[in-house]
Amino acid sequence: MKRTATAHWSGDLKAGGGTLTSTSGVLSETPYSFHTRFEDGKGTNPEELLAAAHAGCFSMALSAQLMQAGLTAESIDTVCTITLDKDATGFGITESHLELHARVPGATQEAFDQAVHNAKTGCPVSKLYNTNITLTAKLESSGRTAAS
């Protein structure tokens, strides 16, 4: 399975802006910019999207782990906070913090803790932070093409 999204950007970092679009249509030319990333502009930003992806993926993974333990959650509410920090080498995502509140009738603390641990380590988005990143690049200008 593969999922695709596109980003378009025009202009410089601070005055420029762009849009994000996903093939599902959930994102459809959704604006993002320096202001939506580092200030409080209207639109989204990569860290917000990563937080949503991690919270959603973890919640689904926990549901699966509970099912394997013969349990069904009444509710799973996960908040994910992505931290973007700057150091001497530039900006980097330094943490993805998950905060979970769940109601699972009949669950013991031990069974719940095991399911949470398994979901945290087994969630595909959790694994993303240690993934192989591949890249194909194409520069188009003046009739020439450069690829890396």
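Start at the second largest pocket, which holds about 170 Å³ of space. (A pocket is an open set of points on a 1 Å grid over the protein atoms alone, where a 1.4 Å probe fits, with protein on both sides within 12 Å along at least five of seven lines; its volume is the space filled by probe spheres set on the points.) The model is predicted: local features need pLDDT of at least 70, side-chain atom pairs count only at pLDDT 80 or more, and totals for chains, interfaces and linings use all residues. Numbering runs from 1 along each chain as its sequence is written, and side-chain values use heavy atoms, without hydrogens or water.

**Stop 1: the lining of the second largest pocket**

Select H54, F58, S96, H97, L98, L100, V116, K120, S126 and Y129; these line the second largest pocket (an atom within 4 Å of a point). Colour by element: α2 (46-68), β5 (90-103) and α3 (109-122) each give two or more residues to this lining. (Helices are DSSP runs of H or I with at least four residues, strands runs of E with at least two.) Which element gives the largest share of the lining? It is β5, with four residues. By class, the lining has five nonpolar residues, four polar and one charged.

**Stop 2: α2 against α3**

Show α2 and α3 and hide the rest. Their axes come within 8 Å and cross at roughly 135°. The crossing is right-handed (the near helix is turned clockwise from the far one by less than a right angle).

**Stop 3**

(Pairing takes at least two DSSP bridges.) Pick T83: its bridge partner in β5 is E95. Then go to the turn, where a hairpin joins β4 to β5 through two residues.

**Stop 3: the open sheet**

Now move to β1, β2 and β3. These three strands form an open sheet in the order β1-β2-β3, with antiparallel pairing. Edge strands β1 and β3 (30-33) have a single partner strand each, so one side of each has no neighbour in the sheet. On average, neighbouring strands here are turned by 25° against each other, direction ignored.

Centre on L20 in β2. A7 stands opposite L20, and T30 is the bridge partner of L20 in β3. Six bridges pair β1 with β2, and four pair β2 with β3. Follow the hairpin of β1 and β2 to its six residues between the strands. Stop at G11, which takes a positive phi near 95°.

**Stop 4: the largest pocket**

What lies nearest the centre of the largest pocket? Select R3, T4, A5, S22 and S24, which are nearest among its 15 lining residues. Seven lining residues are nonpolar, six polar and two charged. (Ala, Val, Leu, Ile, Met, Phe, Trp, Tyr, Cys and Pro count as nonpolar, Asp, Glu, Lys and Arg as charged, the others as polar.) The volume of the largest pocket is about 610 Å³.

Definitions and conventions. Axes are lines fitted to C-alpha atoms, for helices over the stretch in contact, and angles run from 0 to 180 degrees between N-to-C directions.
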